[in-house]
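Try each one before you read its solution.

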Amino acid sequence: MNIKTRIAWKLYHNSLKLNVMNSTDGLGSLTRYAIAVLVVLWTIGRFVGLDRAPGGFNPDEASDMMHLICMSEHLEDANGVRMPLFAAQFEPGEKTQAGMLS
């Protein structure tokens, strides 16, 4: 073996040793502790104030769904208009497309 091959082989062999040593060490106890603290804080933050959080539907989404339910059952929007192209929202001045049923 020439000198370049020996150096390359030693560098490769030493890098394998380092990789094996690093892979068996795993996470340090401080890192595991920090991850556990973050998970606990995230979980607490997720559920604190949940009773004061708004519901899943906004008023405009609830209005759209009411119109679609009425269209699917009676072919009228929630206001009683038969087969409208656009239905008036519950909020004044807004319209929704009532023919979105497929």
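This is a predicted model: local features need pLDDT of at least 70, side-chain atom pairs count only at pLDDT 80 or more; totals for chains, interfaces and linings use all residues.

Residues are numbered from 1 along each chain as its sequence is written, and side-chain values use heavy atoms, with hydrogens and water left out.

**Exercise 1.** Work out which pattern of helices and strands the protein follows along the sequence.

*Solution.* Start with the count: three helices and two strands. These are DSSP runs, numbered from the N terminus (helices: H or I, at least four residues; strands: E, at least two). Now read along the sequence, and you get α-α-α-β-β.

**Exercise 2.** Check whether the end-to-end distance of α3 agrees with its 16 residues.

*Solution.* Helix α3 covers residues 59-74. The expected span is 1.5 Å times one less than the number of residues, so the 16 residues of α3 should span 22 Å. Next, compare the end C-alpha atoms: they are 22 Å apart, so the two agree.

**Exercise 3.** Find the buried side of α3, then look at what His-67 does there.

*Solution.* First, list the buried residues (under 20% relative accessible area, 1.4 Å probe, protein chains only; exposed is over 50%, partly exposed in between). In α3 they are Ser-63, His-67, Leu-68, Cys-70 and Met-71. They sit on the same side of the helix, because they cover an arc of only 165° around the axis, taken from the directions from the helix axis to the C-beta atoms. As a reminder, an α-helix has 3.6 residues a turn, so residues three or four places apart point the same way. Then turn to the face pointing away from the buried side, which carries the exposed Ser-72 and Glu-73.

Now zoom in on His-67. It has 1% relative accessibility, so it counts as buried. Its side chain reaches the backbone nitrogen of Ala-78 at 3.1 Å. For the protein as a whole, buried residues make up 12% of the 102 residues.

Methods. A polar contact is a pair of N or O atoms within 3.5 Å; within protein, one must be able to donate a hydrogen and the other to accept it, and residues adjacent in sequence count only if both atoms are side-chain atoms.
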